[in-house]
Amino acid sequence: MNRLRIFADLAAPPEVLALLQAGIKGHELVLPETPVSSVLAKAGRDPQFAAVDIAFGQPDPEAIAEATRLKWVHISSSGITRYDNPQFRALAAERKIAVSNSAGVYNEACAVHALSFMTAQARQLPRALKSHAVYGTADWNQLRGSCGTLRDETVLILGYGAIGKRLAELLRPFDVKLTAYRRKPRGDEEVPVITERLLPDALAEAHHIVNILPDSAETRQFFDAARFAAIRPGAIFYNIGRGTTVDQDALLGALRSGKIGAAWLDVTDPELLPDEHPLRKEPNCFITPHIAGGHTDEAKTLVRHFLKNFDRFVRGEPLLDRVM
């Protein structure tokens, strides 16, 4: 294959960039004048981008439209919000630009984070860690008796992509009843899948509702007052998808009314949620600062995932995590 020009707008330390450079040996690595600050940040326009063959990172969609040599875009996040619209999809299809994401980098960590939320709730860890209850007292017996195991409880996963699939795998030893929601089932899911028509019934039955929906025009404010009203009384709500998919006023109302038993959030709108936001004052609302996908050597894992795909691209093989 001819020498390829690969644009990478990662804010990565020298050893990670060296790993990337070694992995594309024989091809040219093009670095931007100003790297993006994180995988969720929007990249600025860079004049070098117009003459590259591959983009790795968070390239600007308008720059992609002007880059006539571009053959493949590998997005350095699991979410593809800025690219997930009819205009960009049409552009990618017309120009035959392959688009893949990094779901394979973040699915394990995100699934483990969600499972940690669920087991912490089942074992009443927030209460237990604060408690000074004495063995054998009424308070101690009440706390001990409120701890559960998840067994035979129903879990509804909204958004059955790489993260949802991995979470379902991790949950199987707990003997839960799993259901997943997808707008467009593919038929290869390993758990029962429902669509919009059956969602109200599923919300009314689930003990645990795990929201992994991405941000898009169809999912913004997906969990509104009506959907919270449909939830089984006392159910636990988890969000590790995107904060924009939840009407936070409706969530606050559901918590205060006791409609839901607790909320565990890794994502909010905005991020970081201000200290004075009322959700931070709710005793049954637990918030982590969008760290679900984080893990040791994350940047190296991200580069290695790209290099696996780069090898497949060079060989003409199907790309991992292809989304367009």
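**Close-up views of a predicted model**

**View 1. Aromatic rings come together in pairs.** The count of aromatic pairs comes to 14 in this structure, which is a predicted model. In one of them, the ring centres of Trp-72 and Phe-313 are 5.1 Å apart and the planes meet at 20°, so this pair is stacked. It links distant parts of the chain, since Trp-72 belongs to strand E4 (residues 72-75) and Phe-313 to helix H11 (residues 298-315), 241 residues apart. Both Trp-72 and Phe-313 are buried. For a contrasting arrangement, look at Phe-228 and Phe-237: their ring centres are 5.3 Å apart with planes at 70°, so the pair is edge-to-face. Phe-228 and Phe-237 are buried too.

**View 2. Ring pairs join into a cluster.** Follow the ring pairs here and you will meet Phe-56, Trp-72, Phe-306, Phe-310 and Phe-313, linked into a cluster.

**View 3. A charge sits over a ring.** Here the charged end of Arg-227 is placed over the ring of Phe-222, 3.9 Å from the ring's centre.

**View 4. Welcome to the largest nonpolar core.** This core has 52 residues, and the members that touch the most others are Leu-20, Leu-167, Leu-171 and Phe-306. Helix H4 supplies its largest share, 10 residues. Apart from this core lies another, of 28 residues, including Leu-156, Ile-209, Phe-222 and Phe-228. Back at Leu-20, the residues it touches beyond four places away in sequence are Ala-8, Leu-29, Phe-56, Val-303, Phe-306 and Leu-307. In soluble globular proteins, nonpolar side chains tend to be buried together.

**View 5. Helix H4 is mostly covered.** H4 runs through residues 103-122, 20 residues in total, and spans 28 Å from its first C-alpha to its last, close to the 28 Å expected. Of these 20 residues, 15 are buried. After the helix comes Gln-124, with a positive phi near 55°.

**View 6. Cysteines without disulfides.** Searching the whole structure turns up zero disulfides. For Cys-110, the nearest cysteine sulfur is that of Cys-285, 18 Å away. Cys-110 has 8% relative accessibility, so it counts as buried. Cys-147, by comparison, counts as partly exposed because its relative accessibility is 23%.

**View 7. Asp-152 sits in a loop.** The loop lies between helix H6 (138-145) and strand E6 (154-158). With 49% relative accessibility, Asp-152 counts as partly exposed. Setting aside residues up to four places away in sequence, Asp-152 touches Asp-175, Val-176 and Lys-177. Its C-alpha is 17 Å from that of Pro-233, a residue 81 places away along the chain.

Definitions and conventions
Residues numbered from 1 in each chain as written. Predicted model: local features only at pLDDT ≥ 70, side-chain atom pairs only at ≥ 80, totals over all residues. Heavy atoms only, no water. Helix = DSSP H or I, 4+ residues; strand = E, 2+ residues; numbered from the N terminus. Expected span 1.5 Å × (residues − 1). Buried < 20%, exposed > 50% of the residue type's maximum accessible area, 1.4 Å probe, protein only. Disulfide = S-S within 2.5 Å. Contact = heavy atoms within 4.5 Å. Core = buried A, V, L, I, M, F, W, Y, C linked by side-chain atoms within 4.5 Å. Phe/Tyr/Trp six-rings, centres within 6.5 Å; stacked < 30°, edge-to-face > 60°. Lys NZ or Arg CZ within 6 Å of the ring centre and 35° of its normal.
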